Amino acid sequence: MDNELLARVERPGQYIGNEVGAVKKDWEAVQGRMVFAFPDTYEIGMSNLGMRIIYEAINREPELLCERTFTPLDDMAALMKEKGMPLFSWESRRPLKDFDMIGFTLQYEMSYTNILYMLELAGIPLDRRERTGLPLIVAGGSCAYNPEPLADAIDIFIIGDGEFIDTELLRLVVKMRDAGASRREILRAAADIPGLYVPEFYTPQYDENGKYSGMEAADGVPQRIVKRCLPDMDDDVFPDKQILPYTQTVHDRVMLEVMRGCERGCRFCQAGIIYRPVREKSPQKLMEQARKLVDATGYEEIGLISLSTADYSQVVPMMVGMNSEFRDRGVGVALPSLRVDAFSVDLASQVCQVRKSGLTFAPEAGSQRMRDVINKGVQEEDLFAAVGAAFSQGYTTIKLYFMIGLPYETMEDIAAIGELCKKVLAIARRNKPADVKKQIRINLGVSSFVPKCNTPFQWFGQNTPEQLKEKQRYLIECVKPLRPVSVSFHDVPISQLEAALARGDRRLAPVLKTAYQLGCRFDGWDEYFDPKKWEQAFAEHGYTIAQFAE
Amino acid sequence: MDCREGGCTGCGVCPALGVKNMLCSDDPARVLPPADITSRMKQTPPAAAVCRWRVRLAVEGPLMWLSHLDLLSTMEKALRRSKLPLAFTQGFNPHIQMSWGPAHPVGIYGDCEWLDIMFGAPITVADLDKLQAQLPDGMRIVEAREVDMRAAALMAAVNYAEYRLQLTDCDMAQVAEKAAEVMAAESWPYTRKLPKESKTIDLRAPLLKLMVEDGALVFACRLDKGSAPRPQELAAVCGGKLVKVQRSMLAVATDDGGITLPW
């Protein structure tokens with residue numbers, strides 16, 4: 001079947017599977033089978049660390065199997081429909097329906113419609129109440145902390161660190177399946193496992209105005225779900241061999257998780273809250289894993305992944321160690337995002353040992369007042385010192401992240417972003433060595449504040465789209481005189497919908513389904529996203545997007 | 001200020017989960033000795049090339065669906081895993097020194113693709129087994145020979161390609177007739193659709209051969225005489241639908257008709 005389809009699609013290499021490092025187990029020889037489903041394309045999904053961890057955790061068990069699936073692009077999906085071919089796994093190429101469990105990862109609210117899309121391509125009812133038997137549809141990841149908009153589509157949510165709970169759940173499913181238990185019995189048993197939320201047994205309550213007022217748990221199921229947490233990162237199930245995609249993926253490098261959690265407590269940051277507490281992996285373990293991964297993959301870069309790697313207490317000596325070990329093999333070490341107050345000349349000298357990948361700093365706000373409001377404990381001087389260090393080490397391009405639409409923000413705070421850029425530019429010019437010819441570039445990435453659940457700012461409504469657009473216009477005015485500075489913004493309607501879904505309750509479950517039926521999918525992609533269809537979907541159920549976002 | 005330095009802020013996570021912040025700096029066994037940054041700054045410059053190996057490569061099976069760039073990065077990763085003494089480009093961003101012949105088009109298999117790999121130390125042909133061991137199924141070293149460091153680049157040397165096309169939905173006798181017609185013509189204008197525009201090319205000029213052979217449509221062409229025809233274009237002209245395309249040879253042609261492999 002494959003060749004005929006592959007000949008007719010764009011970038012067929014993403015569908016072929018069988019990559020170096022992929023696991024191929026004998027289907028008949030195992031008892032429990034899960035497919036990990038990433039609700040976006042292969043190129044994006046293969047950069048996801050969570051998938052690799054869970055893939056490893058399950059495949060490590062001889063009697064269990066984990067395969068992968070992704071969202072096919074339109075051309076492939078159309079051909080599959082034409083041939084009556086259901087969505088398949090990348091390893092055994094079996095239909096998703098053949099598995100005991102389908103595990104979606106929730107990275108981003110804008111991928112929700114893709115979950116429905118994949119379920120439909122797999123021939124599985126979109127509404128959990130219409131399903132019979134297996135597979136169970138489970139979902140975990142950061143968005144599972146507000147699962148309600150997906151509560152009609154997902155049977156079981158996994159809250160917290162997933163490395164052991166997926167295996168535990170799959171074992172339970174196998175055991176009960178073999179004992180002849182019904183779907184409902186399996187779900188009921190799952191509800192007793194700490195860290196699992198089974199929406200079937202929870203009924204949302206609404207007040208007389210139709211506003212959500214609380215959740216009623218069925219008899220005997222836990223009233224409160226406590227997240228799963230891996231206490232010591234040295235006990236992780238990190239894969240020594242990583243799957244090597246043939247095609248270019250978003251992060252084409254070794255992904256090495258350095259620590260989990262961040263104690264900074266920035267008030268807008270959901271990851272900073274939900275991944276607490278901070279758990280650092282030992283440098284010895286990291287070195288051992290780095291060695292195995294470099295040997296097993298052949299990547300030229302090791303990405304040290306965490307919410308804030310520069311905060312890792314051993315970061316400088318560890319990077320010196322990695323650089324001295326790997327430099328002669330042409331392998332560099334990269335820090336994907338950097339805290340300006342933890343970035344030093346020492347660190348700068350280590351980050352650019354082999355090749356100068358870009359540097360990104362996130363001051364988040366332009367004025368000190370605003371940075372204090374969001375509890376981003378960064379001083380202007382920290383940023384200046386970091387920029388000075390970077391440019392004196394030969395960097396010529398940096399990226400600065402800012403957020404607009406934050407609580408208590410005024411136009412002066414927007415102007416302060418421009419002022420800050422002006423000062424940064426002056427420091428860059430002063431510190432750039434004379435022998436570096438390349439022009440200085442400062443790229444601003446400006447996103448709109450999205451209130452997220454479990455954060456101190458969760459009840460702060462988002463600015464209206466008009467306010468956000470006005471602030472964007474004003475910021476453009478402010479940086480216009482600065483030639484080497486360029487600005488790119490996040491799309492305002494996308495941010496608005498993100499806010500609505502991030503805070504929405506179960507009333508959004510049918511809205512989501514309607515949006516999907518109206519044709520919404522790949523909503524995180526500008527070329528697919530259609531705000532009109534979403535407005536229509538909300539309206540059909542008597543709501544507005546603004547009502548949930550603001 | 002956060003709770004690692006400033007004391008507990010009472011967020012409630014630790015008591016609720018029964019876990020604690022776990023910092024390496026709190027555990028002497030997990031602390032690294034302070035690093036001497038200055039002494040480590042002396043880098044050995046990446047190895048420069050001392051020898052050059054020319055590899056004839058087969059690309060088969062599902063790997064034929066990879067783009068040229070994908071093959072390139074797959075080869076790079078395999079080279080690093082092989083631990084052979086690679087040579088790197090000199091400069092800010094050192095890269096493995098390797099250069100390929102004509103690009104591999106998506107969806108085509110064959111066993112006569114070419115690339116040059118530079119090494120930073122002498123190697124033997126047996127050492128290349130280490131590279132083969134790291135290549136995925138579907139990428140196979142057919143043969144490799146050391147060539148002169150100053151030999152012409154593959155992109156300049158390789159100017160001849162041969163393809164075998166398996167067709168369906170057609171009468172091969174008619175295909176053969178059409179092929180003969182094309183070959184007999186002085187020129188064969190064809191409108192090539194590009195992503196943004198269309199342009200008219202002459203399919204005939206680069207063609208050296210177009211005929212039916214063992215049930216397949218076979219063609220040979222020069223790569224340096226105008227735009228080389230593409231398999232799907234000749235299939236369309238000859239009235240067949242493509243099933244499978246093999247690039248059976250990439251080689252060096254001289255104007256007197258001689259054809260040799262680029263050794």
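**Cysteines and a domain interface**

The sulfur of Cys453(A) lies 8.3 Å from the closest cysteine sulfur, that of Cys143(A), which is too far for a bond. A disulfide here means a pair of cysteine sulfur atoms within 2.5 Å. Over all chains, the structure holds zero disulfides. Cys221(B) is in none either; its nearest cysteine sulfur, in Cys238(B), is 13 Å away.

Before I go on: this is a predicted model, where local features need pLDDT of at least 70, side-chain atom pairs count only at pLDDT 80 or more, and totals for chains, interfaces and linings use all residues. Residues are numbered from 1 along each chain as its sequence is written, chains are lettered from A and ligands numbered from 1 in the order in which they are written, and side-chain values use heavy atoms, leaving out hydrogens and water.

Now the domains of chain B. An automatic or database domain assignment gives the bounds: domain 1 is 51-156 and domain 2 is 158-260. Their C-alpha centres are 27 Å apart. In contact, meaning heavy atoms within 4.5 Å, are 15 residues of domain 1 and eleven of domain 2.

Which residues of domain 1 of chain B lose the most area to domain 2 of chain B? I'll start with the total: about 1,100 Å² is buried between the two domains, counted as accessible area (1.4 Å probe) lost on being put together, summed over both. In domain 1 of chain B, Pro102(B), Ile108(B) and Tyr109(B) lose the most, together 47% of what that side buries.

Finally, Glu113(B) forms a salt bridge with Arg247(B), with the closest N and O atoms 2.7 Å apart. The rule asks for a side-chain nitrogen of Lys or Arg within 4 Å of a carboxyl oxygen of Asp or Glu.
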